[in-house]
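Welcome! Open your viewer and get ready to select residues one stop at a time.

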Amino acid sequence: MTNTEPRDAIEQVSSKFGITPEDYMLPARTEIHMLDVNGKLHPSGQQGAEPGHEYPLPSPKALVDAYEQLVVGRRVNDQNSALVRQGRMAVYPSSHGQEACQVAAALCLGENDWMFPTYRDSVAVMAKGVAPMEVMVGFRGDWHCGYDPQKYKVSAQATPLTTQLLHAVGVAHAAKLRGEDTVVIAMCGDGATSEGDFHEALNFAAVFNLPVIFFVQNNQYAISVPLSQQSVAPSLAHKAVGYGMAGERVDGNDLVALLSVLGRAVRLAREGNGPLLVEAHTYRMQAHTNADDATRYREDAEVQEWIAKDPVTRMRTYLDEAGLLPEETQARITASAEAVAKTLRDGMNSEEVPDPAELFAYVYSTPTTQMTEQAAMLADELAREEDAK
């Protein structure tokens, strides 16, 4: 990874694409998409391609592999929604309808690259290689994070809005100082762009020319607040220009376009061209969480409009018509998704016996004197309780 200065990086990469730095930073005039709502590939691959904004079609293998993760993600969302109703999960923020964004975010990264997800990005965490039950135990309340972030290069899923963007920038900065080949994808929603942490993260990343992709899943609502009441910018991608980085808008229900746009963003960041902001237009088909009533702030007609843009149906249609999805492949993918759902059912239906000592195990790398005393006090109380039986 090079140590190019921010202004030089913008000029170099724009020159490579044969456009001005201003045109490089501005999003394409039309949203990038390759598949229409009926799963048909545009004749040119990408509709409305402009100089500097052309994206190649991913390989057939990459598309089939991504589709498998898409199907698994949809099955996980539906299974977890059922587990919540059964009282086996405390809460679950479903990403039904947004799975294409999450799959593409995970698959565009390399082995040494980091992901910083939100609470709604469980499908992305799984697609990055984390076991399903390790992802979901937090939603049952067993652990704040059920997996080792260092092992998977995936940060704990962040519930506070936008704090993970600052952490992502910190990891990217450290990687650059060490000369490591690391790209970081920082995920957030449209509501997060209204937070102060969003400004701080983007400004720092741009000033220090860091290898970060800020990936905004614009699902139209920040809980019940529509995008129109959050921002009057032409698009959220246009916010990138003010920080001196490139922005792009992509159809968040078009898995083909997402793989292409995010793949190029990661490559550019890895080459030392600095951070980028990618806004994906998608939709949260279900409520914010199981505690939310979405009918109070949006109409059914709006939901029906987005059902017609479903990413799973669109991708399945394209692969089938392209001859890339024979019956045996579809059967294998369906079986894989059902196996994951069974793992979640079995895991969530088992009763875990908590170990009180774990309250103190992972608070500090070196426990404080007070914490050591508290742990000993609890152990003594538990021992006396056991003796009294």
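Here, buried means under 20% relative accessible area, exposed over 50%, and partly exposed in between, with a 1.4 Å probe and protein chains only. You are looking at a predicted model, in which local features need pLDDT of at least 70, side-chain atom pairs count only at pLDDT 80 or more, and totals for chains, interfaces and linings use all residues. Residues are numbered from 1 along each chain as its sequence is written, and side-chain values use heavy atoms, leaving out hydrogens and water.

Start by selecting Cys101, which is buried with a relative accessible area of 0%. Next pick Cys188, also buried, at 2%. The sulfur of Cys101 has its closest cysteine sulfur in Cys188, 12 Å away, too far for a bond. The structure holds zero disulfides, a disulfide being a pair of cysteine sulfur atoms within 2.5 Å.

Now select residues 212-218, strand 3; seven of its seven residues are buried, so the strand is largely enclosed by the rest of the structure. Helices (H or I, at least four residues) and strands (E, at least two) are DSSP runs, numbered from the N terminus. Show the side chains: Val212, Phe214, Val216 and Asn218 point one way, while Ile213, Phe215 and Gln217 point the other.

Look for Ile185 and its bridge partner Ile213.

Finish with strand 7, residues 276-281, which pairs with strand 3 in the parallel sense over six bridges. There, Ala280 is the bridge partner of Gln217.

Conventions: Pairing = 2+ DSSP bridges.
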